[in-house]
Amino acid sequence: MSGWKITILCCHYTNEAMAEDLADIPAKIEIKSFPCSGRIEVSDILKALEAEAEAVLVAGCEKGSCHNRSGSMRAEKRVEAARKILEEIGMEPERVQMAFIPRLDTGAFVAAAKKTFEKLLDILPKGETTS
Amino acid sequence: MSNERYRSHLERVLREGHFAVTCEIGPPKSADGEVVRKKARLIRGFVDAANITDCQTAIVRMSSIASGVLVQQEGVEAVIQMTCRDRNRIGIQADLLGAAALGLKNLLCLTGDHQKFGNHPEAKGVFDLDSIQLLDMVRRMRDEKKFQCGEEIKGKSVEFFLGAAANPFADPFEFRVQRLAKKVAAGAQFIQTQIVYNLERFRKFMEMAHDMGLTEKVYILAGITPPKSFGMARYMKYFVPGLDVPDEILKRLKDAKDKREEGIKIAVEIIEQVREIPGIAGVHIMAIEWEEAVPEIVKRAGLHPRPLAEEVKPVEVRPVPEAAPEIISEERPIEEVPEAPPKVEVPAEALKEIFSSLRSSMEALRDGINLLHEGLASLEKALLGGAPKGIEAVPELGAPPKVEERPPEEAPLVTPEEEEQARKVADLLSAAKAAREAGELEKASSIYKQVLELEAENEIAKSALAEIEKELLIEDLLKKAQQKLGEGDLDEAEAAFKKVLELSPQKSEAEKGLEKIAQLRAAHKEAEEEVKPEAPVKERLEAPEVADILVFPEVASEYRDISERAAGIPEDIYKEPGTAYIREVTVGEGEKAITIGGTNVLPFHLFEGEMKNPPHVAMEVLDVKPEDWPEALAKYFDDVFDDPGSWAKKCVEVYGAEAINIYLLGTDPNFLNLGPDHAAKVVEKVAKAVDVPLVIWGSGSPEKDVDILREVANVLGSKNVMIGPVVDANHRALGATAMGYGYSLIASSPIDVNLAKQLNILLENVGVPLDKIAMDPSVGALGYGLEYTYSVMERIRLAALYAQDEKLQVPFVINVGREVWKTKEAGLPSDEMLGEQEIRGIALEAITALALLLAGGDFLIMRHPKAIEVTKKVIKGLMAQ
Amino acid sequence: MIIAERKPLARILQMIAPFERVAIIGCRGCVAICSAGGDREVEILAAALRLARKRAGRPLQTIEETFVRQCDPEYLTPLESLKEKVEAVVSLACGVGVNLAADLYPDLKIYPGVDTSFYGANPSLGQWEEKCRGCGDCIIDMTGGLCPIARCAKNLLNGPCGGSQGGKCEIRPDVPCVWHLIYERLKKRGELEKLTQIWPAKDWTPAGHGGPRERVRPDLQFNNNKK
């Protein structure tokens, strides 16, 4: 285990993954579900980082398949806004990732989580955490 | 004579019904008043008044009012410009009172270009008033003697002849005339329009103005700008708001051979056309940074001489009375100025180059004009013995005078012959200056000498020649110093550098050179200390006989000439020499230098052609102690592994190496990642230890090799060595290094005919001549792709010799040893099946070498002394045919 | 409304560098409407500041609140008790709010979290345009309702200048020439004669060049129970 924590903010419809599905990723994975990814605010992303997450993955439905039509697109803009703020305060914007996941596709969800972990490998020197 | 009815000369010219000519003078971005005066002198007598811009395009320049005073001192009436951008109503009124007190008589009221376009875009724009309110305010100051606030002006007020601008080409078009009417109503008495190129739209505008009765109320002067180049016209079309340049004009300029001449022609044509438009009272010529074009345009448009010119008198400068220029009078030989179009002679060629970019051309031309001025002034001085300033002729670019047009009864101060000569001198001077600026010192020097032939006392030429001679001497000394430095003659180099510094104390090359000498001396001392306990070179180790497996009898002794063997067969059946030669590349200096290439046949086909040089073999020295050399190879050098210098020495002295390849393996970023200093030190040691030709082979990391080889070159100086490997990723940088120091290059490509060719082309494109290139096609050892290597090399060579593929006509450099000794087989211990390790290794290296010699290898790099011995033996035998 | 924009975080972090407890106070007036200083922006700013300070090893405690307005003294009263809880206040109100708070609570260290830029309209979501400069002497009855003071780069009163090209201002190709618009509009209305009059020099006193401006309604002052 890397000792890192990744927080996934996702819409109910994008995730059915169980703990064992994510067991391959050598990081602590925290999942927070929202009724729709469009409900995820910039401050939710920042607060997750504040709560010791090294990276945040925002997972929304594939474009066009959002239950609320444009929720995941809205989430994407929020991710961009959060990244800008991170840049302003000297953190790597790549710590916030956006993924569009086909509905309840556990494989794609796990893959996105893995990718987020890999991003962390790129940006964090070994063994270093924010805490 | 009295013009008391008029507020200004310009007003009088217009009111008396003359077609007026005004022009524009841009003040300098400095406090140099002479710039303004010079410009004024240039146009004196050719215009009725000159506008002085007020920080045009929001760029800070000398103020319009101050410049206007200078211009009037030179005998040209000024039209001062006032914008609303930089001053509020308080500042404007104050400045205008001052302007009036200083004798300025014309005022052009403008809103002003927005500060965004200038050199202080962060400035706070004032815009307290706009142009129309400004006009209204000044008119009331003048006519009602009231300040803007309504307070009475007690005593003298301003007496300006008031003008405004109009842009017929801005939008909305229909409103443009309305706005003109507003300006007239506010007080404008004359209008200067935006530059006219689009005559159709301008005619329409004038028609509307005429219909509204405006042409009865206001004098409209059409704006004229001679386009100086195609680039300038295009810039105006696309980047100057409201400037509509028709495509036809662009085309004319593009096609014109002499752009300036074409630009003047265009301006004259437009003047002729606007003159026909009812209501046009004159032209306003805006020759932007090209004031010297104004007289030419005015003359060619038939607007010269100016009416009432004698009325304009230079304003006396009371504090410095002796500076007052002579009054322009009828005695002034104005008619002498030729009417012929300027024939562009000597300077045109030199100047043409300078005109490539608009900006630099403006600068250069201005300099040229200044030079002409100076040239003429000094000529006059020489001829007339310090004639008064006032007689200074208006300079004309390269226009030969037409003697017969001069009224014969006039007694000119300068004879036509003298003037002709002056012109020649001026032309030559500007050509010389151009050549000098282009770095062609020799050419400049010869032109200056011509000047002196014409005019022995020409100060400009004299001093320029002296300077050039000094520069040449410095250049010479520097060259010599660098050469001596390269040869390692530090004392001589130092002396030369010091001399340079005496001549030119700030010369950085010399300072750097001295620094380097100091460093070299320090390094030298260090090296000497290191070398002192001279590593006792071990005696030659006897290598095992390989005859058991490789039988190389004395080939030469068995040779029978082909003509003997093929007796009776026509020669052309069995002989097919190539149609071209492989280029010869020389490495090293003096007797030990070796030359490779120079063949017109396939390897060793001596019966049908020639090999001017036999293949050569270099031995390899590493910059660090090798880690993976098998015992069979390492044992020959392990006593010298720690010192590349001794190692190289052993190769040469003990094993007879004819060249050394220094392989900078330790600098490999994936291995020890040693720095440029290390590499430079190693190369320096080897270069000191041996005098055979050197090849310097980087680690193969494209970026790192650039740094490494640059530093090596820095230490080595210009010596005839070969460096590599050059790949497409670093060919520019290494190509430049090689050219700078005169090195040859190893162009390394990944075993492909086309890529090899491509790299040679790239190198040629950056300026590396083909006879400084050798190819490394990337090779494989026996059992590791040897046949593929062979085939690619053979195809390259066939293309070079028989298919006229010029770019491939360069020799091959083949690194055999490195490939062979890293194979598994070379390192496996002795056993029954594979036999003895050392014999196996020697055989692998020798067989690989021979195969690649037959494929065309010209310069082999090898490691094992015995393998080299065998290879050389074979070469000797084959060459002895 | 008054348009504002959050200051760069580095700048705000610099202002509050000495403090460990800070209140971030929003305003539900203009700045909330233009998404620069409402509840949501307060929350984001507070989280961002805390995160930045945590990484810098100097954790920050924040109190987040948004007042109904900050340009009326009665809504600012909670600042009195905040003084005890925090060392400083970052206000996301426009400059008016920050100034009033600074006037009323001289002991309170209050810092601006936004740059107040202009009086603007919100023609479409996420976009604001300047329409008025508050010059104190409205003339748009003469210009078809379009203000040349706010919308002409040279605030001309006798426009359009020679830099008007194809209906655009020379300053930036995306800026319409307001004088071109005025011309088109008055032409359509048959009121072009309004533009043929010379507009006299403007009195800039009401625009603030006569010192800080005040407005007084004596009838209302009568009922004054503020202060």
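User: In this structure, how many residues does the contact take from chain C and from chain A?

Analyst: The model is a predicted one. The contact between these two chains draws on both of them, and chain A contributes eleven residues. From chain C the contact takes twelve residues.

User: Which element gives the most to the side of chain C that touches chain A?

Analyst: The elements of chain C that give two or more residues to the side touching chain A are α1 (9-15) and α3 (39-55). With nine residues, the element that gives the most is α3(C).

User: How do the residues on the side of chain C that touches chain B divide into nonpolar, polar and charged?

Analyst: The contact takes 27 residues from chain B and 23 residues from chain C. On the side of chain C, α8 (178-189) and α9 (193-196) each supply at least two residues. The residues of that side divide into eleven nonpolar, ten polar and two charged.

User: What percentage of the residues in chain B is buried?

Analyst: Chain B holds 32 helices and 18 strands. Among its contacts with a separation of 6 or more, 74% join residues 24 or more positions apart. Of the 881 residues in chain B, the buried ones make up 47%.

User: Are helices α16(B) and α17(B) roughly parallel or roughly antiparallel?

Analyst: Helix α16 (residues 441-454) of chain B packs against helix α17 (residues 459-487) of chain B with the axes 9 Å apart. The angle between them is about 150°. Angles over 145 degrees count as roughly antiparallel. Therefore the relation of α16(B) to α17(B) is roughly antiparallel.

User: How do the residues of the contact of α16(B) with α17(B) divide into nonpolar, polar and charged?

Analyst: The crossing of these two helices, α16(B) and α17(B), is left-handed. On the α16(B) side the contact includes Leu441(B), Tyr448(B) and Leu452(B), and on the α17(B) side it includes Leu465(B), Ile468(B) and Leu472(B). Lys449(B) of α16(B) and Glu471(B) of α17(B) also take part. The residues of this contact divide into ten nonpolar, one polar and three charged.

User: Which strands stand at the edges of the open sheet in chain C?

Analyst: Three strands of chain C form this open sheet in the order β1-β6-β7, with antiparallel pairing. Each edge strand has a single partner strand, so one side of each is left without a neighbour in the sheet. Neighbouring strands are turned by 70° against each other on average, direction ignored. The strands at the edges are β1 (2-6) and β7 (127-132) of chain C.

User: Which residue of β6(C) is the bridge partner of Ile3(C)?

Analyst: β1(C) pairs with strand β6 (residues 114-124) of chain C in the antiparallel sense. This pairing runs over five bridges. The bridge partner of Ile3(C) in β6(C) is Phe118(C).

User: Is Ile6(A) buried or exposed?

Analyst: Ile6(A) has its place in strand β1 (residues 5-11) of chain A. A residue counts as buried if 20 or more other C-beta atoms lie within 10 Å of its own. Because 26 other C-beta atoms lie within 10 Å, Ile6(A) is buried.

User: How far apart in space are Ile6(A) and Lys28(A), C-alpha to C-alpha?

Analyst: Leaving aside its neighbours within four places in sequence, Ile6(A) is in contact with residues including Ala27(A), Ile29(A), Leu57(A) and Phe117(A). In sequence, Ile6(A) and Lys28(A) are 22 residues apart. In space, C-alpha to C-alpha, the distance between Ile6(A) and Lys28(A) is 6.1 Å.

Terms used. Residues numbered from 1 in each chain as written. Chains lettered and ligands numbered in written order. Predicted model: local features only at pLDDT ≥ 70, side-chain atom pairs only at ≥ 80, totals over all residues. Contact = placed C-beta atoms within 7 Å. Helix = DSSP H or I, 4+ residues; strand = E, 2+ residues; numbered from the N terminus. Axes fitted to C-alpha atoms, helices over the stretch in contact; angles between N-to-C directions. Parallel < 35°, antiparallel > 145°, perpendicular 65-115°, else oblique. Left-handed = near helix turned anticlockwise from the far one by under 90°. Nonpolar A, V, L, I, M, F, W, Y, C, P; charged D, E, K, R; others polar. Pairing = 2+ DSSP bridges. Buried ≥ 20, exposed ≤ 12 C-beta atoms within 10 Å, placed from the backbone.
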